[in-house]
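The structure is displayed first, and the notes follow by topic.

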Amino acid sequence: MCVTCGCSNDAETKITNPETGEVVAMNSNGHHTHTHTLADGTVITHSHSHEHHADSNAQIHAKMHGNTITLEEKILAKNDLIAAQNRGWFKGRDILALNLVSSPGSGKTTLLTRTINDLKDKFPIYVIEGDQETSNDAQKIQETGCKVVQINTGTGCHLEAAMVERGLQQLNPPLNSIVMIENVGNLVCPALFDLGEKAKVAILSVTEGEDKPIKYPHMFRASEVMIITKIDLLPYVQFDVNRCIEYAKQVNPKMQIFQVSATTGVGLESWYEWIAANVPSLAGAGL
């Protein structure tokens, strides 16, 4: 049992390559075998283990003289180490990596497929798709012509840096590309797990409450960008956009906010310009 979020680490995490049909399993301690291809063509295969974060993460509750003192240790130390390695890997290859986070049903996959279809002729885009079960979303991504790997976490409610590391070995994105990581639908635990991304992008649908940023402040504080989706539905739902933005700015004054409809295309140009401005090899060049 994970002491950070309560999800079980007994279930097997699976990484599926829809293109080849290959399925690779990572057991609960992260042990797996993989290969590295060196610049001269030499292939090295080895196995190693990333111990589960529960070994090093703890929340200690102690009572002293009738007072409860909560000591929170630095959690996710091993995850943070692997995330730092992922970040260095991205930086060394001029890859823009974005971590898309949201609650279930926010429209992450719809926005992602629209983004890929609109930008794939300008940027090479690769996707790591995270879900507890099924490869449904990965199949939708694959239909765009984009290369994708599916990570199924079983009962796990978030992706971890070691999972992304393994997914990158399957995906093998080239220099000067974009890697979109679609996290498991959850506004709590993914906020705590650094994957090595350039930025977290929080996606919030108008079919949800406008108070999400203050209900789940850690997620919106950890995100550099918030995208309000499905704005074409505003005439049919009770959602105060201005209040939502006000709440988001209370939590994170520096947050960049976009209002979009992946169905009609309204607002997407500003989102695409932000992406272009953050692609390392094209920063400042625009679309």
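Strand 1 and strand 2 (residues 22-26) pair in the antiparallel sense over five bridges, where two strands count as paired if DSSP finds at least two bridges between them. The model is predicted, so local features need pLDDT of at least 70 and side-chain atom pairs count only at pLDDT 80 or more, while totals for chains, interfaces and linings use all residues. Residues are numbered from 1 along each chain as its sequence is written, and side-chain values use heavy atoms, with hydrogens and water left out. Helices (H or I, at least four residues) and strands (E, at least two) are DSSP runs numbered from the N terminus.

- In strand 9, I151 is the bridge partner of I15.
- Four of the five residues of strand 1 (residues 13-17) are buried, so the strand is largely enclosed by the rest of the structure; buried means under 20% relative accessible area, exposed over 50% and partly exposed in between, with a 1.4 Å probe and protein chains only.

**The sheet and the helices packed on it**

- Nine strands form an open sheet of mixed pairing, in the order 2-1-9-8-10-7-11-12-13.
- Strand 2 and strand 13 are the edge strands, each pairing on one side only.
- From one strand to the next, the twist averages 20°.
- Helix 2 (residues 108-119) packs on the sheet and touches strand 7 (96-102), strand 8 (125-131), strand 10 (178-182), strand 11 and strand 12; contact means heavy atoms within 4.5 Å.
- The direction of helix 2 makes about 170° with that of strand 8; axes are lines fitted to C-alpha atoms, for helices over the stretch in contact, and angles run from 0 to 180 degrees between N-to-C directions.
- Helix 4 (residues 161-171) lies across strand 1, strand 2, strand 8, strand 9 and strand 10, and runs at about 145° to strand 9.

**Helix 7**

- The buried residues of helix 7 (residues 241-251) are V241, C244, I245, Y247, A248 and V251.
- Seen down the helix axis, these buried residues fall within an arc of 160°, so they line one face of helix 7; the arc is that of the directions from the helix axis to the C-beta atoms.
- N242 and Q250 are exposed on the other side of helix 7.
- The cover over the buried residues of helix 7 includes strand 11 (199-205), helix 5 (212-215), helix 6 (217-222), strand 12 (225-229) and strand 13 (256-259).

**Aromatic pairs**

- The structure holds three aromatic pairs; rings of Phe, Tyr and Trp (its six-membered ring) pair if their centres lie within 6.5 Å, and planes under 30 degrees apart count as stacked, over 60 as edge-to-face and the rest as tilted.
- The ring centres of W89 and F90 are 5.9 Å apart and the planes stand at 80°, so this pair is edge-to-face.
- W89 is partly exposed, with a relative accessible area of 24%, whereas F90 is buried at 3%.
- F258, W271 and W274 are linked into a cluster by ring pairs.

**D137**

- D137 is found in helix 3 (residues 136-142) and counts as buried at 15% relative accessibility.
- Not counting residues up to four places away in sequence, D137 touches T109, E129, D131 and E182.
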